[in-house]
Amino acid sequence: MQTGLIVWFIFINVVAYLVMSDDKRRARQRRDRTPERTLFLLAFIGGALGVWIAMYRKRHKTKHPSFTIGIPLLVFLNAVMYGYFLQ
């Protein structure tokens, strides 16, 4: 189970990073955007670290209090959950 969880961690965080990066690209081009609900869902199911890294590397959603407060809280929640299941 540990191997599967580690693979999931890597996969979901890469996906979350790429979705946030794509949303930033779409914002610059004034195209249809990824709903914030989707970004939070990706963070909630284990990809919070990927979303958080993309937020600051791409400077995306960093002025939204829901993201600047919510995503770090989800990073903490993800760390607790991953820590619990990796024991």
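A nonpolar core is a set of buried Ala, Val, Leu, Ile, Met, Phe, Trp, Tyr and Cys residues joined through side-chain atoms within 4.5 Å. The legends below describe a predicted model.

**View 1. The largest nonpolar core.** This core has 16 residues. Met20, Ala43, Val51, Met55 and Ile71 touch the most other members. Three elements, H1, helix H2 (36-57) and H3, each give two or more residues to the core. H2 gives the most, with 7 residues. In soluble globular proteins, nonpolar side chains tend to be buried together.

**View 2. Helix H1 against helix H3.** H1 spans residues 2-28, and H3 spans residues 65-86. Their axes come within 10 Å and cross at roughly 160°. Angles over 145 degrees count as roughly antiparallel, so H1 is roughly antiparallel to H3. The crossing is left-handed. From H1, Gln2, Leu5, Ile6, Trp8, Phe9 and Ile12 take part in the contact. They meet Tyr82, Phe85 and Leu86 of H3. By class, this contact has 8 nonpolar residues, 1 polar residue and no charged ones.

**View 3. Around methionine 55.** Met55 is among the core residues that touch the most other members. Leaving aside neighbours within four places in sequence, Met55 is in contact with Met20, His60, Lys61, Thr62, Phe67, Thr68 and Ile71.

**View 4. Lysine 61 in its loop.** Lys61 lies in the loop between H2 and H3. Its relative accessibility is 10%, so Lys61 counts as buried; the cut-off is under 20%. Beyond neighbours within four places in sequence, Lys61 is in contact with Met20, Asp23, Arg33, Glu36, Leu39, Met55, Phe67 and Thr68.

Definitions and conventions:
Residues are numbered from 1 along each chain as its sequence is written. This is a predicted model: local features need pLDDT of at least 70, side-chain atom pairs count only at pLDDT 80 or more; totals for chains, interfaces and linings use all residues. Side-chain values use heavy atoms; hydrogens and water are left out. Axes are lines fitted to C-alpha atoms, for helices over the stretch in contact, and angles run from 0 to 180 degrees between N-to-C directions. Helices (H or I, at least four residues) and strands (E, at least two) are DSSP runs, numbered from the N terminus. Angles under 35 degrees count as roughly parallel, over 145 as roughly antiparallel, 65 to 115 as roughly perpendicular and the rest as oblique. A crossing is left-handed if the near helix is turned anticlockwise from the far one by less than a right angle, and right-handed if clockwise. Contact means heavy atoms within 4.5 Å. Ala, Val, Leu, Ile, Met, Phe, Trp, Tyr, Cys and Pro count as nonpolar, Asp, Glu, Lys and Arg as charged, and the others, Gly among them, as polar. Buried means under 20% relative accessible area, exposed over 50%, partly exposed in between (1.4 Å probe, protein chains only).
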